[in-house]
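Visitor: I'd like to learn how to read this one feature by feature. Could you walk me through it?

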Amino acid sequence: MGKRPQHVKQQHQRHWGRWLIGIFSVVVLVGLIGLMMVQVLDFSAPETSSGQSNQTDPAQQHQTSRQQPTSQDHSHAAESSGHQAHGSKSSSTAAASSSSSSASTGRSSSSQSATGVVPDAAAGSSANADGATSTPRANDADPTPQAPTNVTPAPGQNHLAAASQYAFDVQQVRAQMYGQGSAIGQKTVFLTFDDGINPTITPQILAILHRYQVHATFFLVGKAINQSTRALLLQEYQSGHGIAIHSFDHNYSRLYPKRRANASQILAEAEQTQAVLRQYLGQQFRTRVWRYPGGHMSWQNLAPADLALRQHGYYWMDWNAASGDALGAKEAPKTVAQMVQYQAYSLSYFPDHGVRVVLMHDAAGKQLTVAALPQIIEFYQQRGYRFGILS
Ligand SMILES: [Zn+2]
């Protein structure tokens with residue numbers, strides 16, 4: 001009697017079993033919801049805090065305001081010639097005399113490279129300056145850690161977020177360079193390297209810039225960007241340098257048939273190179289900075305090309321200082337001392353408005369540029385310049 005039949009007992013047990021499972025799953029469900037809420041709160045917290053830390057970028061607010069240029073493109077169509085011609089808008093002959101006289105004065109000093117011993121001073125990388133504020137959060141155990149803040153891209157820009165503190169609007173730099181503005185303020189130098197990427201020269205340039213903790217703008221030729229140079233492109237970008245365009249294939253006769261700019265070809269090469277850069281650096285990347293191969297100062301009929309570029313968000317930039325590393329064999333500096341001297345000498349051909357844009361090359365064979373770079377950097381450091389990138 002007292003015994004229930006076996007199947008009733010089993011039913012009873014099943015009944016309890018279902019209850020237990022039910023309660024258990026409710027508990028699990030509530031637990032999961034709770035966990036998710038904690039996660040959500042947890043994730044939202046650091047985002048806002050790091051976002052703020054980026055925005056309150058030390059006193060650099062003025063740089064982010066991009067002003068429309070007053071029309072300055074008329075400023076110089078000095079039809080001087082030569083790739084390296086660095087005549088100013090008004091004095092195209094100055095370039096020629098500069099190169100010959102500097103070559104002759106340069107030759108007299110035969111001292112060899114005193115590849116400046118580098119005070120490994122700036123241990124606190126400037127690139128880290130605002131990255132350091134992003135302290136690790138509770139979700140450290142996240143198996144897919146986010147990239148460190150100092151390699152976070154600045155969306156729509158040609159540089160990392162951390163580089164914003166020393167990135168300057170290309171239009172404002174150009175305006176000040178030609179004495180038509182003062183937005184850049186204190187003395188600033190922009191080291192620029194054209195014609196890369198080169199697997200031999202570019203890494204050496206990057207190493208020197210890193211050693212000195214200064215940044216530069218690389219004007220890349222689109223066709224030089226491919227799988228084999230991809231790592232160097234990433235290194236340029238992730239080291240906090242600026243990325244700019246210097247045409248797709250650097251072919252004068254296509255860009256400037258009969259020395260006259262072909263606007264549609266020029267724009268097409270800018271867009272093509274932009275596309276390649278975005279392919280490797282991500283769709284958040286976008287550069288506005290363009291340098292005409294040979295320089296704006298060297299060609300004719302540039303107004304239509306300038307306009308086409310501007311309508312697509314590109315702004316050209318020449319230079320007002322040069323290392324002389326693309327001059328013909330005859331005039332080119334032959335030693336580090338000559339190159340350093342040439343660079344200093346080149347300054348005298350442009351009025352000084354507190355902004356220097358230095359033309360150099362990280363192309364094949366530019367080993368002398370590598371050797372002279374430390375002294376060129378020191379030249380500006382000793383004169384109290386800060387180092388900027390073009391954006
Ligand atoms: Zn070039």
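Guide: Let's start with confidence. The protein chain averages a pLDDT of 75, and 62% of the residues score at least 70; pLDDT is the predictor's confidence in each residue, from 0 to 100. This is a predicted model, so local features need pLDDT of at least 70 and side-chain atom pairs count only at pLDDT 80 or more, while totals for chains, interfaces and linings use all residues. Residues are numbered from 1 along each chain as its sequence is written.

Visitor: Over which residues is the pLDDT below 50?

Guide: Residues 34–141 are one such stretch, with 128 contacts in the model beyond near neighbours in sequence. A contact here is a pair of residues whose C-beta atoms, placed from the backbone, lie within 7 Å. Where pLDDT is low, the predicted coordinates should not be read in detail.

Visitor: What does the protein chain have in the way of helices and strands?

Guide: There are 11 helices and 10 strands in the protein chain. Both are DSSP runs numbered from the N terminus: helices are H or I with at least four residues, strands are E with at least two. As for contacts between residues at least 6 apart in sequence, 80% join residues at least 24 apart.

Visitor: How do I read burial, and what share of the protein chain is buried?

Guide: Count neighbours: a residue is buried if 20 or more other C-beta atoms lie within 10 Å of its own, exposed if 12 or fewer, and partly exposed in between, with C-beta atoms placed from the backbone. By that count, buried residues make up 40% of the 391 residues in the protein chain.

Visitor: And for a strand? Which residues of S3 are buried on each side?

Guide: In a regular strand the side chains alternate between the two faces of the sheet. In S3, Ala 216, Phe 218 and Leu 220 are buried on one side, and Thr 217 and Phe 219 are buried on the other. With 5 of its 5 residues buried, S3 (residues 216–220) is therefore largely enclosed by the rest of the structure.

Visitor: Which way does S3 run against S2, parallel or antiparallel?

Guide: Parallel: 5 bridges join S2 (residues 188–196) to S3. Two strands pair if DSSP finds at least two bridges between them. Thr 192 has Thr 217 in S3 as its bridge partner. From S2 the chain passes through helix H5 (residues 201–212) to reach S3, in a right-handed β-α-β crossover. Right-handed is judged with the strands pointing away from the viewer: the path from the first strand over the helix to the second runs clockwise.

Visitor: What joins S3 to S4?

Guide: 4 bridges, and these strands run parallel, S4 being residues 242–245. Thr 217 turns up again, with Gly 242 as its bridge partner in S4. The chain gets from S3 to S4 through helix H6 (residues 230–238), and this β-α-β crossover is right-handed.

Visitor: How about helices? Which residues of H9 are buried?

Guide: In H9 (residues 303–311) they are Ala 305, Asp 306 and Leu 309. They cover an arc of only 100 degrees around the axis, so they lie on the same side of H9; the arc is that of the directions from the helix axis to the C-beta atoms. Their cover includes helix H8 (263–281), strand S5 (289–290) and strand S6 (315–316). H10, on the other hand, is mostly covered, with 10 of its 11 residues buried.

Visitor: Last one: which residues have the most contacts inside the largest nonpolar core?

Guide: In soluble globular proteins, nonpolar side chains tend to be buried together. A nonpolar core is a set of buried Ala, Val, Leu, Ile, Met, Phe, Trp, Tyr and Cys residues joined through C-beta atoms within 7 Å. Here the largest has 80 residues, and those with the most contacts inside it are Val 173, Leu 220, Trp 290, Val 358 and Leu 390. Helix H11 (residues 367–382) gives the most to this core, with 7 residues. Leaving aside neighbours within four places in sequence, the contacts of Val 358 include Phe 190, Trp 319 and Ile 376.

Technical notes. Two residues are in contact if their C-beta atoms, placed from the backbone, lie within 7 Å.
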